[in-house]
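Please read the following with the sequence and the model side by side.

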Amino acid sequence: MREGRKPEYIGLYNKNLVLEILIKIGPKSRAELARISKLTKTAISEIVDELIEKNILIEVGKVETSRGRRPTKLTINPELKVLAIDLSGLEGRVGVVNSNGKIEEDRYHPIEKKEDLFQLIDPLLIKYKNNVVAISLSVPGIIDKYNGEVILSVGLNWKNFKLKEFLKEKYPNYPIYMEKDTNSGLLSELWFGEGKNFNILFYLLFEKGIGLGIYYKGNIIEGFNNIEGEIGHTIVSKEIGEKCWCGNKGCLESIASIPKIQEKILDLGSLEKALINYIQDNKNSVLQEIFEFLGISLANTIHILAPEAICISGNRGMTKDILNLFTKILKDKVDKYVFEYLKDKIYFYTSPLGNDGLLIGAGILGFINYFRELLK
């Protein structure tokens, strides 16, 4: 019998399935859980009883029905919180995330040295110490989440940094988890955004660099040696752009990342104003070149694995209006370069979660991992 088919693994899968339903959809009765999960009522009762005993689930009231019965609704204990951390912006951000994917409180603090993590974390952890069940981080760069190591994160100036071990020394009483930023954002989009409507989805993230999360028919894709979705390191021109931290010259993010764009349009006012003017007349040669490169890189990626939809997202400073403008421009550019058969068939949209996606994703990953460990 394969390991994945053993009864104990099936039982763990079913428990996690019930929890996933309650996180994504909200309170449900036992009968509703059985219907949605396609598990038997007996199995649901056994799972619910165990989760209530472990203080993961609570009963929240009864609901009137046409037959007069009053089934009890179940929900994940609202007292449980995850301290979620997003390190991909110009400043670190920490938030208290509940099991419904809501950020209850957050704060920012610059991360100039590793010890600044403590200044970021401590105020909220002290305030919510009796409710926090895990610390979960969304980290830019190349990471080994299984060993808790940041292999390389240029924006943070970290290399071969054992992040989990570093935090565990300071916070020994909390489980600590980490995930690549694009995958954190992608998860939040799949659970709480429009991503749940698609089987193949690209999540394009603009921040200090440019990253891509890829969802394919039930799985978030992970590459060999923890490298995947590095669209920012597609080489678009050997003639322009600075030498990239990866060692090559002409990488997309050395030309078209948000900081690079802002450097090049300082004389045009705000980024939003520059984008609006560009859409209206297409005469800005700097933006024309930048979006040509973005469109070509994204079209090339689409030709390797065509998605049903592409979600455009960003971090602090990328307002909803700016993201909407990026989405419109990128769709037009991609349609210029993709196969004729794909033109106007891929759905482009701006993430409805805005700048919160990475923090929410880190929070949900914290819950998923915490429940998995608790229920083993």
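Lys 73 and Glu 32 are joined by a salt bridge, their closest N and O atoms lying 2.8 Å apart. Because Lys 73 belongs to strand 3 (residues 72-76) and Glu 32 to helix 2, this pair ties together parts that are 41 residues apart in sequence. The model is a predicted one. Lys 73 is buried, with 18% relative accessibility, while Glu 32 is partly exposed at 22%. Buried here means under 20% relative accessible area, so the value of 18% puts Lys 73 in the buried class.

Helix 2 also takes part in a second pair. Glu 59 forms a salt bridge with Arg 30, and the closest N and O atoms are 3.3 Å apart. Glu 59 sits in strand 2 (residues 57-62) and Arg 30 in helix 2 (residues 30-37), so parts that are 29 residues apart in sequence are tied together by this pair. Both partners are partly exposed: Glu 59 has a relative accessible area of 46%, and Arg 30 has one of 25%.

Another pair is made by Lys 343 and Glu 340, whose side chains meet in a salt bridge at 3.3 Å, N to O. Lys 343 is partly exposed, with a relative accessible area of 26%, whereas Glu 340 counts as exposed at 61%. Side chains of opposite charge can pair when their charged atoms come close.

The largest nonpolar core contains 44 residues, and Leu 201 and Phe 371 have the most contacts inside it. Helix 12 (residues 357-375) supplies the largest share of this core, namely eight residues. A second, separate core has 39 residues, among them Phe 202, Leu 204, Ile 255 and Ile 302. Leaving aside residues up to four places away in sequence, Leu 201 touches a set that includes Leu 186, Leu 190, Ile 214, Tyr 215, Ile 310 and Tyr 349. Glu 189 and Cys 311 are also among the residues that Leu 201 touches.

Which loop holds Glu 207? Glu 207 is found between strand 12 (200-206) and strand 13 (210-216). Glu 207 is buried yet has no salt bridge. The nearest side chain of opposite charge is that of Lys 208, 7.5 Å away, and a salt bridge requires a side-chain nitrogen of Lys or Arg within 4 Å of a carboxyl oxygen. What lies 2.8 Å from a polar atom of the Glu 207 side chain? The backbone nitrogen of Gly 209 is found at that distance. Not counting residues up to four places away in sequence, Glu 207 touches Ser 88, Pro 140, Asp 181, Ser 257, Ile 258, Pro 259 and Asn 315.

How many disulfides does the structure hold? The structure holds zero disulfides. A disulfide is a covalent bond between the sulfur atoms of two cysteines. Cys 251 is buried, at 0% relative accessibility. Cys 311, which is touched by Leu 201, is buried with a relative accessible area of 0%.

Technical notes. Residues numbered from 1 in each chain as written. Predicted model: local features only at pLDDT ≥ 70, side-chain atom pairs only at ≥ 80, totals over all residues. Heavy atoms only, no water. Disulfide = S-S within 2.5 Å. Buried < 20%, exposed > 50% of the residue type's maximum accessible area, 1.4 Å probe, protein only. Helix = DSSP H or I, 4+ residues; strand = E, 2+ residues; numbered from the N terminus. Lys, Arg positive; Asp, Glu negative; His and termini not counted. Polar contact = N/O pair within 3.5 Å; in protein donor to acceptor, adjacent residues only side chain to side chain. Contact = heavy atoms within 4.5 Å. Core = buried A, V, L, I, M, F, W, Y, C linked by side-chain atoms within 4.5 Å.
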